[in-house]
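Reader: Please take me through a few local features of this model, one at a time. I would like the general idea before each case.

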Amino acid sequence: MRNQHRIRFLCGKPPWNSLFNLSYSYMTGSCLDKLLKSIGIFLSAVSSNRYLKEFLEVGGVLTLLEILGMEKIKEEDKKESIRLLQVIANTGRKYKELICESYGVRSIAEFLAKSKSEETQEEVQILMDSLVHGNPKYQNQVYKGLIALLPCASPKAQQLSLQTLRTAQSIIGTTHPSIVDCVLKVLCTMHLEVQYEAIELIKDLVNYDVCQALLKGLVALLIPSVKETSKPQPKILNDSSVPQFTAHLPVFLQQAAAAKAIGVLARSNTSVAEELLHQRVVHSLMAAMGNTDHSNSQRQASLTLEYLVQMFPVVEEHVRRSMGEGLYQLFLSNAEDLYMKIDSIQADILAANKVNVSKALCFSGVSHRNSSFPRGAHEPERPAYVTYFQKEDTEGKE
């Protein structure tokens with residue numbers, strides 16, 4: 001079979017039949033790698049149009065997408081399939097549409113979520129980025145597919161999806177309501193590179209109609225619900241011989257990330273900062289500063305509150321009154337390290353604060369700017385990416 005394939009290749013005859021006639025068991029062997037690379041040579045040739053049309057006519061795209069879902073095929077061969085799909089997509093709009101019409105977004109996104117190779121995942125990102133450019137008929141499908149990937153278990157897939165979503169968002173110009181809930185859930189990650197990309201996307205999203213929902217969601221994350229923080233810890237954590245790790249870590253990571261994101265938004269846009277004040281962000285930040293179970297939540301909340309105190313006199317007045325002079329001076333001296341200097345009583349004062357600057361804002365010249373931030377409803381729950389694509393199948397192609 002290998003000799004036959006080599007003869008066909010040397011004679012200048014495309015090896016399509018060799019690919020399609022292979023049995024499943026033989027496709028998992030080393031021959032598949034050589035076939036895919038030889039096909040790539042034909043499709044990348046200067047006069048490749050004839051070869052490309054012939055390859056597509058015999059079901060080339062469907063075969064490449066099928067390879068991505070085969071468990072026994074090596075990762076390297078799947079990466080070669082992705083590269084061939086890149087070549088096809090980069091040929092023009094109608095070829096991007098063909099990939100999407102073949103349920104390509106579903107197959108490619110599922111492969112991105114399941115792949116164990118970061119190098120392969122980066123190749124998938126290049127393909128997804130290609131599919132969202134110059135593809136007006138299906139760019140929204142790619143956009144929704146990227147959103148559906150955010151809850152997946154792969155940090156690298158989350159990071160790449162968030163990066164590509166920023167590009168897709170700018171191209172499409174409108175938002176999908178579920179993006180708010182999905183991006184906020186990503187903030188519970190332990191991976192700083194994923195958190196960074198999520199905050200970068202949040203910075204973009206405040207310019208769209210989901211701004212109100214986004215700001216409201218961020219402020220809500222500063223005070224986790226009783227249900228989230230009262231879950232029983234595993235018995236092993238009660239063993240005195242085992243280091244004490246909190247069972248609520250994801251919730252507190254999300255709390256710290258929300259405090260950080262709010263600080264980034266407030267510093268970059270005064271109008272957003274004013275809107276956050278109306279959302280009672282000062283009260284929520286002080287409550288987060290009292291969370292002695294997670295020092296980074298205290299630190300990030302303290303830094304964000306420091307900026308608001310410096311920026312708005314009305315905030316300074318209410319915070320000083322609520323903290324008391326001693327704690328407030330400690331806060332002013334070094335907000336970043338405050339969590340290391342306060343005692344349990346001071347932490348309780350912060351956690352139980354009743355600060356509400358909303359009523360005083362209108363008298364201090366800080367008006368409520370609801371009109372600047374169109375409201376956008378967001379869904380309370382977001383299905384996993386597989387559920388999303390199953391739903392897409394039932395609704396048919398776009």
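Author: The model is predicted. Tyrosine 103 has a relative accessible area of 36%. Buried means under 20% and exposed means over 50%, so tyrosine 103 counts as partly exposed.

Reader: Where does tyrosine 103 lie?

Author: Tyrosine 103 is in the loop between helix H8 (93-101) and helix H9 (104-114).

Reader: What is there to note about the phi of tyrosine 103?

Author: The general idea comes before the case. Most residues other than glycine have a negative phi. Tyrosine 103 has a positive phi, near 60°, and is a residue other than glycine.

Reader: Which values describe arginine 280, in phi and in relative accessibility?

Author: The phi of arginine 280 is near 65°, again a positive value in a residue other than glycine. Its relative accessibility is 31%, so arginine 280 counts as partly exposed. Arginine 280 sits in the loop between helix H18 (270-278) and helix H19 (281-289).

Reader: Is asparagine 135 buried or exposed?

Author: The cut-off for buried is under 20% relative accessible area. Asparagine 135 has 0%, so it is buried. Asparagine 135 lies in a loop, the one between helix H10 (118-132) and helix H11 (139-149).

Reader: Which residues does asparagine 135 touch?

Author: Leaving out residues up to four places away in sequence, asparagine 135 touches Lys96, Glu97 and Cys100.

Reader: How many residues of H11 are buried?

Author: H11 is mostly covered, with 10 of its 11 residues buried. Among the buried residues of H11 are Val142, Leu146, Ile147 and Leu149, and the list also includes Gln139, Gln141 and Lys144.

Reader: Now the second largest pocket. What is its volume, and which residues lie nearest its centre?

Author: The volume of the second largest pocket is about 250 Å³. Its lining has 13 residues, and those nearest the centre are Leu68, Gly69, Lys78, Phe111 and Lys114.

Reader: Which helix gives the most to the lining of the second largest pocket?

Author: H9 gives the most, with four residues. Helix H6 (60-68), helix H7 (75-89) and H9 each supply at least two residues of that lining.

Conventions. Residues numbered from 1 in each chain as written. Predicted model: local features only at pLDDT ≥ 70, side-chain atom pairs only at ≥ 80, totals over all residues. Heavy atoms only, no water. Buried < 20%, exposed > 50% of the residue type's maximum accessible area, 1.4 Å probe, protein only. 1 Å grid on protein atoms, 1.4 Å probe; cavity = no way out; pocket = protein on both sides within 12 Å on 5 of 7 lines; lining within 4 Å. Points joined across faces, edges and corners; volume = space filled by probe spheres on them. Contact = heavy atoms within 4.5 Å.
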